[in-house]
Amino acid sequence: MSSESPQDVTQLLRAWSGGDPQALEKLTPLVYQELHRRARHYLARESPGHTIQTTALINEVYLRLVDFRGVTWQDRAHFLAVCARMMRRILTDFARSRHFQKRGGSAQQVTFDEQMVVSSAPSADLVALDDALNGLAGVDPRKSQVVELRFFGGLSVQETAEVLKVSEETVKRDWRLAKLWLLREMSGERPSHDI
């Protein structure tokens, strides 16, 4: 982000929520670099030949944000969490339409581990991860949110804790348990019990 503080971003978000159309124009340059960095980090893990570019992903997020009415923005972290969710949806929708037009298409086996979060290696099957994450949301919504914020949004443990209004220890514990659950789910093993 620029030299503006998170409080400045929060004030603009609240003004935008309050109906000030100029607030989004003022907000955009303040959050653009951060969103671009997060999108670039995530797209670096996508498969070679992925046709969505970082700028196009950010532009699509902004197009969806313009239509986001009635949201009461809490703060910068809440905004970034919503953007992370949008990025996940955009990329998953793109992957579904491109690679899975036929049943079984070019599906690849997925491994979900810490390497996917910090590695610049191409990602495995985003659609399988999305399906497993949706399953996790049915069992434990908060753990699913932790994965979404950390993996798709690139939020730190501290930022994730702020968004979810829980302790950093809770985020770390949820992250560990969610990874185990997702590994079992994506490997085809059915867990004998829930999280």
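Start by selecting helix α7: nine of its 12 residues are buried, so the rest of the structure largely encloses this helix. Buried means under 20% relative accessible area, exposed over 50%, and partly exposed in between, with a 1.4 Å probe and protein chains only. Helices are DSSP runs of H or I with at least four residues, strands are runs of E with at least two, and both are numbered from the N terminus.

Before moving on, note that this is a predicted model: local features need pLDDT of at least 70, side-chain atom pairs count only at pLDDT 80 or more, and totals for chains, interfaces and linings use all residues. Residues are numbered from 1 along each chain as its sequence is written, and side-chain values use heavy atoms, with hydrogens and water left out.

**Stop 1**

Keep residues 141-152 selected. The buried set is K143, S144, V146, V147, E148, L149, R150, F151 and F152. Now check the length. From first C-alpha to last, α7 reaches 16 Å, close to the 16 Å expected at 1.5 Å a residue. The expected span is 1.5 Å times one less than the number of residues.

Colour R150 and W175 next. The charged end of R150 sits over the ring of W175, 4.7 Å from the ring centre. That label requires NZ of Lys or CZ of Arg within 6 Å of the ring centre and within 35 degrees of the ring normal.

Then step to G154, which follows α7. Its phi is positive, near 70°.

**Stop 2: E159**

E159 lies in helix α8. Contact means heavy atoms within 4.5 Å.

Is E159 buried or exposed? It counts as buried, at 16% relative accessibility. Its side chain reaches the backbone nitrogen of S156 at 2.9 Å. A polar contact is a pair of N or O atoms within 3.5 Å; within protein, one must be able to donate a hydrogen and the other to accept it, and residues adjacent in sequence count only if both atoms are side-chain atoms.

**Stop 3: K165**

Move along to the loop between α8 (157-164) and α9 (168-186), where K165 is placed. Display its backbone. Phi is near 55°, a positive value in a residue other than glycine. K165 counts as exposed, at 59% relative accessibility.

**Stop 4**

Select residues 21-43, helix α2. At its start, a side-chain oxygen of D20 comes within 2.9 Å of the backbone nitrogen of Q22. Where does α2 bend? At V31, by about 45°. The bend is the angle between axes fitted to the seven residues ending at a residue and the seven starting there. The 23 residues of α2 should span 33 Å at 1.5 Å a residue; the end C-alpha atoms are 30 Å apart, which agrees.

Among the buried residues of α2 are V31, E34, H36, R38, A39 and L43.

Now pick T54, in helix α3 (residues 54-66). T54 is buried at 14%. Beyond four places in sequence, T54 touches H36, A39, R40 and L43.

**Stop 5: the aromatic cluster**

Show the aromatic rings. There are three aromatic pairs. Rings of Phe, Tyr and Trp (its six-membered ring) pair if their centres lie within 6.5 Å; planes under 30 degrees apart are stacked, over 60 edge-to-face, and the rest tilted.

W16 and W73 are stacked, 5.6 Å centre to centre with 15° between the planes. This pair links distant parts of the chain: W16 sits in helix α1 (residues 6-17), W73 in the loop between α3 and α4 (76-99), 57 residues apart. The rings of W73 and F79 have centres 5.3 Å apart and planes at 65°, so this pair is edge-to-face. W16, W73 and F79 form one aromatic cluster. W16 is buried at 13%, W73 at 3% and F79 at 0%.

**Last stop: the whole chain**

Zoom out. The protein chain has nine helices and zero strands. Buried residues make up 44% of its 195 residues. Among contacts between residues at least 6 apart in sequence, 66% join residues at least 24 apart.
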